[in-house]
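These are my notebook entries on one protein chain. I set down each item as I looked it up.

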Amino acid sequence: MNTQSTQVKLWTTDFILLMLCNFLLFLQLHMIVSPLPAYVQDRFHANAFEVSLFTCLFALSAIAARLYSAKALEKGLRNTMIYVGLSIALLATLGYYFAAGIVVLLLLRMLFGVGFGMSSTAFPTMASDIVPVKRMGEGMGYFGLSTSLAMSMGPIIGVTLLQGQGFVTLMLCTAGVIAVIYPLSYSLTRKKASQHDQVTHIGAGAVPTSAAKGEKIPFNRKLILPSVLNGLLSITYGGLVGFIVLYGKEANLSNPALFFLFNAIAVLLVRPFAGRLYDQKGPKALLIPGAIFIAIGLIILSYATSMLVLFIAAFIYGVGYGSMQSSLQTWMIQIVAPSQRGMANGMFLNSLDLGIATGALLLGGIASLTSYTDMYRYSVMFMIVFLLIYLVQGKRSGGFTITPHPLLEHTHISPDKEQSSNQTKPSNDSNQH
């Protein structure tokens, strides 16, 4: 029946715990991303290039760690990635207190990137394992909400703590957030990751994966396009994380960090609808209008002369960002085999980090030559490039509908065909099991 797919339970205890762990992991990251440049400038009198290194070296170390983590997850080392990653991140954070020079702080930032890269790959991979495949768009949309909210709330909390209590308090609060993840993830790591085996045996017959055979899993070239698109989207966000406070000074805005609050509100409102729309229509229904919303939000932001205009720009940007990011992540998960979900999530997060780092460097260079106002107007070009790449690739491939991996394809049937499909398949499925 058509109601069968909608009755598959999504909000399990494990799923909620995973969302909370992922939220806290990204919250502690973004609590320190925005205030760190101001601290480095005040404490070490660093120049613009030295400040940019904190973003770039962190991103590169996180990317390197995820390349290893993806392979480790394929080998079943999920718990190791979580606890070792959290421990490295915690020790690096506490080490900020003893950093007497900018070189030591840079090394600690790179070490933190390694720990963050390991643990941040494991949680979304676990989520994609337990989300029902018939509700993958909706489930990963909700899960992605934890990342987006953390990215929106973290800068507000971090800037407030730095300005009000100082860097030491900010560091201790960040370390405390990491420590809370340990007990929350304990019940999750006690369970075996058996979903891969379950998924590979659904449908017409069992299809062994490369991981099950012990073979080396090759790189999936289908992940390149959504990774590039996610990187372009993240470049615009890098300009916001890195320079919204400085732009506020230029535009005489009293509290520009509130941009992230209204961005978070929009993301919170749009994600549930975006996930369902993805399941029904695919990524095209969200990526094209989402890119337009992003561009409009950035243009309005560049003309902001009051907090009200800033809030409107933040909300419009959040609508676009909230719908696009979860769509890209779900897209990447759907087109790979279950054993490659670690690779897919790793590439999604790598393109996110690389985009933010590129945005901070490239847009910062534009701002130094022009102004922060012009910088946000120029950043609209990345959404134009986004649309051109997506539209051209869609025409070249003969359509914009993605093809799920064969192991999952049977679960992505259209609603009007589901009833007849369920009536014809039970006998075959029962024979196979």
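How many helices and how many strands are there in the chain? I found 19 helices and zero strands; helices (H or I, at least four residues) and strands (E, at least two) are DSSP runs, numbered from the N terminus.

I note that this is a predicted model, in which local features need pLDDT of at least 70 and side-chain atom pairs count only at pLDDT 80 or more, while totals for chains, interfaces and linings use all residues. Residues are numbered from 1 along each chain as its sequence is written, and side-chain values use heavy atoms, with hydrogens and water left out.

I looked up burial next. Of the 433 residues of the chain, 55% count as buried, that is, under 20% relative accessible area with a 1.4 Å probe, protein chains only.

I then took Thr 174, which lies in helix α8 (residues 167-189). Thr 174 counts as buried because its relative accessibility is 1%. Neighbours within four places in sequence aside, I found Thr 174 in contact (heavy atoms within 4.5 Å) with Gln 28, Met 31 and Thr 93.

Finally, I turned to the lining of the largest cavity. Its residues include Asn 22, Phe 143 and Arg 271; lining residues have an atom within 4 Å of a point on a 1 Å grid over the protein atoms alone, and a cavity is a set of such points where a 1.4 Å probe fits but cannot get out. I recorded that α2 (13-33), α7 (136-164), α14 (307-334) and α15 (341-369) each supply at least two residues of this lining.

Key
1 Å grid on protein atoms, 1.4 Å probe; cavity = no way out; pocket = protein on both sides within 12 Å on 5 of 7 lines; lining within 4 Å. Buried < 20%, exposed > 50% of the residue type's maximum accessible area, 1.4 Å probe, protein only.
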